[in-house]
Amino acid sequence: MVYWKNRAIVSLLVVLLLVNAAGAASSTGNASSAGNASSAGNVTAAELFTTSVNSSTENDLFSELSAQMELYNENFDNVPSLVKRLVASEEIAGRIELENGEMLYVTLLMRSGKVGEFYRYDTPNDPNSKFGPSITVESDEETIREIIASDDPLRKAVEKMNDGSLNVEVKGFFRNTVFWSIKQLYS
């Protein structure tokens, strides 16, 4: 149970920690409703929880992350209070450079610490965002998959943050303090 809890938490942190940067737009997906998506690209809601946790590389990373969001919500009672405080009701933007060179842009909308919405879009900036993300995460597919597959994903995520392959930007003094505490506890 602890393994799944940590895997879900790390997956959430990984997605949380993607920093906005310029890059190629992803060519994925069917468009779903998005207020101004026509001028900013397609927005695709996650078809949450349709893949198994240890899915093969045949499944795309977006599907695997969707499955991880389900695990996180299912094990929410076991999530450390520091993580719950960090993600509370935040907008978390992620950008992952895929192995094929394309970019995967995702957003997590948190509600009381749980994943409320998880979706991807084609442009570096979320066309649905009203205020911008308070947490951004940037990495590459290999790093994300390595964290998901780890026996201790939370520690692996912190290790990847420390070596620079997982970058997280947290806005605000309180969020930065909580984030710093998490990094110290799991280093």
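Colleague: Is V87 buried or exposed?
Modeller: V87 is buried, at 0% relative accessibility. Buried means under 20% relative accessible area, exposed means over 50%, and partly exposed lies in between (1.4 Å probe, protein chains only). Bear in mind that this is a predicted model: local features need pLDDT of at least 70, side-chain atom pairs count only at pLDDT 80 or more, and totals for chains, interfaces and linings use all residues. Residues are numbered from 1 along each chain as its sequence is written, and side-chain values use heavy atoms, with hydrogens and water left out.

Colleague: Which element holds V87?
Modeller: Helix α4, residues 81-87. Helices (H or I, at least four residues) and strands (E, at least two) are DSSP runs, numbered from the N terminus.

Colleague: And how far is V87 from V178?
Modeller: Their C-alpha atoms are separated by 9.8 Å. Along the chain, V87 and V178 are 91 residues apart.

Colleague: What about S81, where does that sit?
Modeller: S81 is in helix α4 too. S81 is partly exposed, with a relative accessible area of 47%. Its C-alpha atom is 9.4 Å from that of G113, 32 residues away along the chain.

Colleague: Zoom out. How many helices and strands are there?
Modeller: The protein has 7 helices and 6 strands. Along the sequence the order is α-α-β-α-α-β-β-β-β-α-α-β-α.

Colleague: What share of the residues is buried?
Modeller: Buried residues are 50% of the 187 in the protein. The accessible surface is about 8,600 Å², and 48% of that belongs to carbon and sulfur atoms. Those areas come from the Shrake-Rupley method with a 1.4 Å probe; for residues, only the protein chains shown count as cover.

Colleague: Of the contacts between residues at least 6 apart in sequence, how many join residues at least 24 apart?
Modeller: 69% of them. Contact means heavy atoms within 4.5 Å.

Colleague: Now the packing. At what angle do α3 and α5 cross?
Modeller: Roughly 35 degrees, with the axes coming within 12 Å. Helix α3 is residues 61-74 and helix α5 is residues 141-149. Axes are lines fitted to C-alpha atoms, for helices over the stretch in contact, and angles run from 0 to 180 degrees between N-to-C directions.

Colleague: Left-handed or right-handed?
Modeller: The crossing of α3 and α5 is left-handed. That term applies if the near helix is turned anticlockwise from the far one by less than a right angle; clockwise is right-handed.

Colleague: Which residues make the contact between α3 and α5?
Modeller: From α3, L61, E64, L65 and Q68. From α5, E141, I144, R145 and I148. They divide into 4 nonpolar, 1 polar and 3 charged. Here Ala, Val, Leu, Ile, Met, Phe, Trp, Tyr, Cys and Pro count as nonpolar, Asp, Glu, Lys and Arg as charged, and the others, Gly among them, as polar.

Colleague: Is E64 buried or exposed?
Modeller: E64 is buried, with a relative accessible area of 6%. The C-alpha atoms of E64 and I148 are separated by 9.1 Å, though the two are 84 residues apart along the chain.

Colleague: Which residues touch the most other members of the largest nonpolar core?
Modeller: L61, L65, Y72, L86, L104 and F118, out of 33 residues in that core. Helix α3 gives the most to this core, with 5 residues. Apart from it lies another core of 5 residues, among them M103, Y105, Y119 and Y121. A nonpolar core is a set of buried Ala, Val, Leu, Ile, Met, Phe, Trp, Tyr and Cys residues joined through side-chain atoms within 4.5 Å.
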